[in-house]
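Reader: I would like to learn how to read the features of a protein model step by step. Could you walk me through one, please?

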Amino acid sequence: MLKRRNLFSLTVWACVILTTACSGTTTDTAATDADTAATGDELGGTLRLLTWEGYAPDELIAKFEEETGVDVEVTYIADNGEIISKLKATGGEGYDLASPSVDNVKLAQEQFNIYQPIDMSRIENPDVLVQSLAEKVAEYSTVDGEVYSVPAVWGTSGLIVNTAEAPEVKSYKDLCDPQFAGRVTYRSRFPTFAGAMLALGYDPFKFSLEEPENVDGWRAMMEEAYTYLVDCKSNVKTYWTSRQENIDLMAKGETYLSQGWDGTGWVLSQENPDIKFIAPVEGALGWVDTFTIPAGAKNLDAVYAFINFMYRPENAGELTKGGGFLSPVKGSTDYWPEEIKVLVEESFPESALNNIQWYAPRPAAFDEVVNEYVEKLQVAEAN
Amino acid sequence: MTDAVDVELRDITKAFGDFTAVRDVSFAVPRGTFFSILGPSGCGKTTLLNLISGFQEPTAGEVWIAGQRVNGVPPNRRKVNMVFQRLALFPLMTVFDNVAFGLRMAKVPQAQVRSRVMAMLETVGLTGMERRLPSQLSGGQQQRVAIARCLVLEPAVVLLDEPLSALDLKLREHMKLQLKHLQREVGTTFVYITHDQSEAMVMSDRIAVMNEGQVLQVGAPDEIYSLPCHPFVASFVGESNTFQGTVVELSEDSAIVKDGAVQMQLSRTPDMAVGQSYLQFLRPENVRLLPLDGDRDRPENQVRGRVQSVIFDGAIVRCLVNIGRDRPLTTLFTRGTTQAVPYVGETVRLGWRAADVIAFPAQHRDQMMQLQKAQFAEV
Amino acid sequence: MSRSPIVSPLRRVNWGVVLTALPLLVWIVGLVLWPQLGLLLQSFYKVGGDTVTLANYLSIFQDSDLIFLRVFGKTLLYTLAIAALTLIVAYPMAFILAKVLKGRQKLVFILLLATPFWVNELIRVYAWIGLLRETGVVNYLLVDVLRVLPAPIEFLYNDIAMLVVFVYSFLLLMLLPIYSSLDGLDDTLIQAAQNLGADRISVFRYVVWPASLPGVTSGLILVFTLSFSNYLIPTLVGGKSSLWVTQLIYNRFVVATNWNLGAAYSFILLAIASLVVWGLLKLTGQSLKKVLGS
């Protein structure tokens with residue numbers, strides 16, 4: 001299992017960053033799309049996106065609208081649960097395309113039946129995707145033999161460090177180092193527990209894939225992580241609740257150390273070179289957000305046009321430029337500005353890439369335990 | 001002024017910035033009198049009230065209450081209680097609590113509060129109403145609560161700020177008498193503010209007539225009415241026919257004054273001189289309808305005219321007679337006297353005695369203007 | 001009506017009134033009652049289950065750490081404190097506005113108070129964050145300008161900061177109803193009380209306070225219910241331990257996607273809030289009708 005995951009991440013990075021061989025397709029795709037645009041074959045209508053901030057930059061949306069004549073309406077969400085809640089409330093109506101994390105799709109689909117399968121034949125050039133990533137997404141989002149998601153954006157969470165104040169940081173354990181008391185921030189959500197579990201020597205992702213029935217085992221692990229995090233609570237200035245809050249705390253020097261997303265770290269690095277995103281020794285936590293189509297999507301032509309549009313490397317590259325998000329499209333790195341390339345490579349030497357811990361789908365019973373402990377952590381008094 | 005005096009104002013002036021609301025006012029209110037301050041709105045009478053009650057302090061002069069100088073004493077420490085224009089009953093308190101309020105503030109023992117309040121409610125005829133809220137009472141009853149609330153404190157003086165103005169006419173007439181009786185009964189000094197000369201006339205022992213911040217005359221109602229010492233008093237109190245004429249002839253004890261076509265004889269005053277301008281006031285009840293012929297009854301002044309209109313006001317008949325000048329002459333008599341009521345258009349002869357004409361030298365043109373304004377306001 | 005018994009019942013309905021009220025009716029039934037009813041029904045089912053059960057309601061007593069009860073209790077206590085603090089801050093302001101200031105001054109005062117509330121609540125809360133944070137304006141003043149502190153202090157992320165922002169955010173909701181009651185209080189009532197021998201304290205106690213009570217109650221109810229159901233302020237300003245009951249409900253609906261339990265929590269919230277409102281009305285001797293009118 002572990003081996004498979006290593007292989008997976010290696011391949012991703014091999015294509016995304018280290019090799020340029022895959023980018024051969026770039027020109028072809030661009031040329032094809034240019035032809036399509038030239039014919040003036042306008043789609044029209046509206047495309048209602050339900051996505052995260054930064055996944056649909058204004059320039060890209062404007063470009064897409066101009067090419068297709070489709071009106072794009074974007075609704076931002078800040079939590080995977082929000083996507084599920086919104087779609088659950090309407091039975092999958094109201095949006096045409098959503099971007100849930102892949103580890104959420106299967107459970108949501110099984111419980112609430114809010115998505116519809118992807119018609120792979122309408123993806124113009126599936127080969128443009130990093131294959132291992134595409135396969136993983138397909139595997140994690142298959143319900144009753146149908147695939148529900150294709151990859152949209154991926155990234156990791158790890159440590160964002162102000163190296164001027166905390167030069168020696170390399171592990172999740174450092175978040176709880178008393179010398180940083182009051183100078184630490186993270187979320188009171190599952191990633192923090194996952195980091196704590198890894199710091200304590202457990203592998204929560206392996207566990208949820210291999211022992212999905214073992215709720216008691218999961219609870220025992222969560223309990224241990226919880227106790228560890230309650231002890232750590234006095235170190236925490238506050239639990240951040242939005243990406244911007246994390247950025248503010250780090251940029252103003254109010255916290256030196258945070259568990260957060262790689263893209264957040266790179267945005268901060270460009271402001272203050274002392275701040276770096278570090279993949280901890282226990283491994284950065286890898287996530288993949290997807291293109292998943294709600295059951296009640298209205299404008300399927302526009303949906304696939306948008307997916308295909310975002311799969312063009314020059315467009316995919318834009319995602320990283322703005323918010324530091326990584327694209328699963330081969331050759332998108334060609335469109336990165338030099339400084340981003342440097343930052344990404346600095347954060348992810350080969351060993352760190354190999355060590356990415358990918359989120360795996362969790363059974364509902366595990367999530368209930370997680371939610372319970374997340375709240376307990378917030379209620380607990382700091383020691 | 002050897003008798004006890006409850007309120008005395010000595011050379012009181014009150015200015016608000018550039019505006020002087022009250023100027024050099026002095027008067028004394030003898031103990032146990034019903035004293036009215038009468039004047040048109042804006043004359044400064046409410047300011048006087050506030051100065052007595054302590055809500056305002058005079059710019060100059062002294063306020064004395066029950067033999068003590070009270071300048072600088074806050075309103076809650078003066079032995080003066082006030083009945084407000086809008087009564088200002090506490091809307092959320094029962095009648096009992098309203099009347100008991102002052103006693104409780106004075107920390108009177110509970111048992112005593114009860115007996116005094118009940119006694120006072122009996123005095124004002126509100127026994128049995130003590131558990132009602134003010135909103136559940138009639139206008140007249142509310143009035144009585146407001147007065148009881150003051151009287152229960154046994155103050156030296158009760159100030160009343162036009163408390164009848166909110167009542168309808170009939171109730172107002174009734175309350176006038178009631179108030180007077182109540183004051184007689186309890187013997188407390190009442191200082192009553194009003195712009196209604198009839199209220200002042202009916203109730204008061206003494207009246208101070210005010211205009212433009214000054215007290216013009218203080219006296220008993222009859223004195224104020226029949227012997228006004230200022231043209232404003234003459235015009236503001238009661239109804240008058242007014243003339244403005246020039247003295248054309250003087251004799252030993254009378255003078256002839258001419259106002260356009262109308263020429264009349266009046267009693268001479270020592271300072272009269274030919275060519276001087278005079279304001280004359282003639283009460284309508286002193287103008288009599290005379291038989292067209294016959295000389296049984298020959299007052300000094302007589303004039304002929306045509307009846308312009310006849311107004312019946314209950315027992316009183318008012319005739320407006322055109323005597324060949326811009327304003328008709330008003331005559332007033334009681335129905336049922338021997339006099340037959342004339343009809344409109346009839347030619348009549350009117351007469352009045354020289355002694356009934358009240359005359360003041362007209363110093364200023366604006367004095368006349370002012371009088372007309374005051375008369376207009378009264379209508 | 002009795003004159004013509006033949007008139008059909010339909011004729012007796014005033015269709016004009018019905019048509020005018022229709023949007024309101026649709027609003028209340030369709031957008032308020034109907035979804036509420038749906039939630040109420042959901043609260044009696046377990047997630048994914050199809051038998052009626054009280055399990056969701058009972059779960060608040062069964063959960064190992066009694067998290068719901070603890071958070072709920074804390075929220076309730078804090079909200080009552082917020083309502084009381086807001087009253088203490090708003091009352092003198094309302095009094096000055098109603099009884100001391102005149103004409104233009106009044107207008108300027110109201111404008112100064114109200115202008116910040118023309119912007120979104122989120123922006124106002126962020127403004128407070130900018131003031132109170134460790135590198136914020138208040139610390140800058142205290143440390144760099146006035147030099148009364150040697151080093152910046154973190155004012156944010158604790159319960160006191162949360163209370164301050166709550167009181168600020170709901171100040172107008174307390175101030176305006178009190179102002180409106182006090183404005184309706186005839187000044188001569190105050191004069192009358194003074195004239196009858198009352199000192200300042202007695203005037204306040206017997207005349208001003210009773211007259212303002214409908215406004216006070218209405219303000220207390222508004223501030224209480226709105227801070228009880230507020231999500232933003234505890235989330236952004238509250239500390240690492242200030243979990244609010246709304247966050248708990250949000251977690252049920254959004255994070256855990258357990259609408260059934262979330263619905264049960266919501267209705268417990270609604271019931272307790274109604275109970276407190278009822279208690280406030282009893283305590284102040286006011287009726288809902290009077291308070292809504294103020």
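Author: Gladly! The model is a predicted one, and in it chain C has 14 helices and 0 strands.

Reader: In what order do the elements of chain C run from the N terminus on?

Author: The order reads α-α-α-α-α-α-α-α-α-α-α-α-α-α. For contrast, take chain A, whose secondary structure comes to 16 helices and 13 strands.

Reader: How do I read the radius of gyration of chain C against that of a compact globule?

Author: The radius is taken over C-alpha atoms. A compact globule of 294 residues would come out near 19 Å, while chain C has 24 Å.

Reader: How many positive and negative side chains does chain C have?

Author: Chain C carries 20 positive and 12 negative side chains. The centres of these two sets lie 12 Å apart.

Reader: Which share of the contacts in chain C comes from residues 24 or more positions apart?

Author: Contact means heavy atoms within 4.5 Å. Among the contacts in chain C with a separation of 6 or more, 68% join residues 24 or more positions apart. In chain A, the corresponding share is 79%.

Reader: Can we look at single residues now? Where does C:Leu269 lie?

Author: C:Leu269 sits in helix α13 of chain C, which covers residues 259-284. Its relative accessibility is 12%, so C:Leu269 counts as buried. Not counting residues up to four places away in sequence, C:Leu269 touches C:Phe72, C:Phe228, C:Val245 and C:Ile249. Sequence and space can also be set side by side: C:Leu269 and C:Thr225 are 44 residues apart along the chain, with their C-alpha atoms 9.9 Å apart.

Reader: Is A:Ser269 buried or exposed?

Author: A:Ser269 has 7% relative accessibility and therefore counts as buried. This serine belongs to helix α11 of chain A, residues 262-271. Beyond its neighbours within four places in sequence, A:Ser269 is in contact with A:Ile275, A:Lys276, A:Phe277 and A:Leu343.

Reader: What about a strand? Which strand holds B:Ser36?

Author: B:Ser36 is in strand β3 of chain B, residues 34-38. B:Ser36 has a relative accessible area of 0%, so it is buried. Leaving aside neighbours within four places, its contacts are B:Tyr192, B:Ala200, B:Ser204, B:Arg206, B:Ile207 and B:Ala208. From B:Ser36 to B:Asp205 there are 169 residues in sequence, yet 8.0 Å in space, C-alpha to C-alpha.

Reader: How do the chains meet? Which pair shares the most contacts?

Author: Of the 2 pairs of chains in contact, that is chains A and C. Chains A and B do not touch, and their nearest C-alpha atoms are 47 Å apart.

Reader: How is the size of an interface expressed?

Author: It is often given as the accessible area lost when the parts come together. Between chain C and chain B, about 1600 Å² is buried, and carbon and sulfur atoms give 67% of that. On the chain C side, C:Leu189, C:Asn195 and C:Leu196 lose the most area to chain B, together 43% of what that side buries. The contact takes 17 residues from chain C and 20 from chain B.

Reader: Which helices do the buried residues of α2(B) pack against?

Author: In chain B they pack against α3 (110-123) and α4 (139-151), and in chain C against α9 (187-195) and α10 (200-228). Helix α2 of chain B, residues 95-105, is mostly covered, with 9 of its 11 residues buried. Among them are B:Val95, B:Phe96 and B:Met105. After α2(B) comes B:Lys107, whose phi is positive, near 60°.

Terms used
Residues numbered from 1 in each chain as written. Chains lettered and ligands numbered in written order. Predicted model: local features only at pLDDT ≥ 70, side-chain atom pairs only at ≥ 80, totals over all residues. Heavy atoms only, no water. Helix = DSSP H or I, 4+ residues; strand = E, 2+ residues; numbered from the N terminus. Rg over C-alpha atoms; globule rule 2.2 N^0.38 Å. Lys, Arg positive; Asp, Glu negative; His and termini not counted. Charge placed at Lys NZ, Arg CZ, Asp CG, Glu CD. Buried < 20%, exposed > 50% of the residue type's maximum accessible area, 1.4 Å probe, protein only. Buried area = accessible area lost by both parts, 1.4 Å probe.
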